[in-house]
Amino acid sequence: MDAALTAGTAKVFAVYGKGGIGKSTTSSNLSVAFSKLGKRVLQIGCDPKHDSTFTLTKSLIPTVIDVLESVNFHSEELRIEDFVFEGYNGVMCVEAGGPPAGTGCGGYVVGQTVKLLKEHHLLDDTDVVIFDVLGDVVCGGFAAPLQHAERAVIVTANDFDSIFAMNRIIAAIQAKAKNYPVRVGGVIANRSEDTDQIDRFNARAGTETLARIPLLDVIRRSRLKKATLFELEATPEVEAVQREYLQLAARLFAGTEPLDAKPMKDRDLFDLLGYD
């Protein structure tokens, strides 16, 4: 990847976590929270499923790879409106897409997306960029957004599989941090009534919980309604979660201290978690 392809002066966050843990829901609501604070926000979905932004745009928007293929990869023929779509409360949305199954590299897709955004000067007018990244495959390709991010935020639940994935993601961040400014920003405890396992891992690995999003059916229903939590009818539980996202956005934009997080060995992690 071209090291010159930075995201300009925007604050860039990469959201990682186990597949199905709620990264896209978290990213979309966090994007809206930033926009409610008056920030110009760009959310970039980095998953072949290309559904990161559908609660913002109410549709599955064309991917960057799709539109590039339509012009035989002559990017100069594209207009911004071909691949950037405005979502709820002005959040700008891009879906990078992915290579065909079993071929290509996700890193190339991310690189082409950032290159296209730079060519059209879109990043120059953005305060916050959120990369919502496929979580199950922390290979070199899907770790590519870490080359652009200032902080990586990990979404996890209070269970072994989610924390195992988080541990691997921390290892990927640590590897990228040798050559890039990215550092672990913290953890979002999602869909968890308890956080004892997360707390135990944090204490050992040097991570920190930034926000806690409870297990609420209204969050599931918001996805079915193709809506963010900020569009739902105000109830005490909805307003409480909105405040959590707004506080998280404010904290991230103000700047979090980089965490000196260190991954654990698989066997040590297995021994650490669970009940005595």
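Reader: Which residue just after helix 7 takes a positive phi?

Author: The model discussed here is predicted. In it, the residue in question follows directly on helix 7, and its phi is about 55°. That residue is K226.

Reader: Which residues of helix 7 are buried, and on how wide an arc do they lie?

Author: Helix 7 spans residues 217–224, and its buried residues are V218, I219 and S222. They are on the same side of helix 7, because the arc they cover around the axis is only 105°.

Reader: At what angle do helix 1 and helix 8 pack, and how are they oriented to each other?

Author: Helix 1 covers residues 23–36 and helix 8 covers residues 236–254. Their axes are 8 Å apart, and the packing angle is about 75°. Angles of 65 to 115 degrees count as roughly perpendicular. That angle therefore makes helix 1 and helix 8 roughly perpendicular.

Reader: Which residues of helix 8 meet helix 1, and what classes make up the contact?

Author: From helix 1, the residues taking part are T25, T26, N29, L30, A33, F34 and K36. They meet Y245, L246, L248, A249, L252 and F253 of helix 8. Sorted by class, the contact of helix 1 with helix 8 has 9 nonpolar, 3 polar and 1 charged residues.

Reader: Is L246 buried, exposed or partly exposed, and which residues does it touch?

Author: L246 is found in helix 8. The relative accessibility of L246 is 25%, so L246 counts as partly exposed. Leaving out residues up to four places away in sequence, L246 touches A33, K36, L37 and F230.

Reader: How far apart in space are L246 and F230?

Author: F230 is among the residues that L246 touches. Along the sequence, L246 and F230 are 16 residues apart. From C-alpha to C-alpha, the distance between them is 10 Å.

Reader: Why can the buried residues of helix 6 be said to line one face of the helix?

Author: Helix 6 runs over residues 196–205, and Q197, I198, F201, N202 and A205 in it are buried. Seen down the axis of helix 6, these residues line one face because they fall within an arc of 135°.

Reader: Which elements do the buried residues of helix 6 pack against, and which residue just after the helix has a positive phi?

Author: The packing partners are strand 6 (151–156), helix 5 (160–176), strand 7 (183–190), strand 8 (209–213) and helix 9 (266–272). Just after helix 6 comes a residue with a positive phi of about 85°, and this residue is G206.

Reader: How are helix 5 and helix 6 oriented, and what is the hand of their crossing?

Author: The axes of helix 5 and helix 6 are 11 Å apart, and the angle is about 25°. Angles under 35 degrees count as roughly parallel. Helix 5 and helix 6 are therefore roughly parallel to each other. The crossing of helix 5 past helix 6 is right-handed.

Reader: Which residues make the contact of helix 5 with helix 6, and how many of them are nonpolar?

Author: Helix 5 supplies I163, M166, N167 and I170. Helix 6 supplies Q197, I198 and F201. By class, the contact has no charged residues and 2 polar ones, and the number of nonpolar residues is 5.

Reader: Where is H50, and what is its phi?

Author: H50 is in the loop between strand 2 (41–46) and helix 2 (54–57). With a relative accessible area of 22%, H50 is partly exposed. H50 is a residue other than glycine with a positive phi, near 45°.

Definitions and conventions. Residues numbered from 1 in each chain as written. Predicted model: local features only at pLDDT ≥ 70, side-chain atom pairs only at ≥ 80, totals over all residues. Heavy atoms only, no water. Axes fitted to C-alpha atoms, helices over the stretch in contact; angles between N-to-C directions. Helix = DSSP H or I, 4+ residues; strand = E, 2+ residues; numbered from the N terminus. Parallel < 35°, antiparallel > 145°, perpendicular 65-115°, else oblique. Contact = heavy atoms within 4.5 Å. Nonpolar A, V, L, I, M, F, W, Y, C, P; charged D, E, K, R; others polar. Buried < 20%, exposed > 50% of the residue type's maximum accessible area, 1.4 Å probe, protein only. Arc of directions from axis to C-beta. Left-handed = near helix turned anticlockwise from the far one by under 90°.
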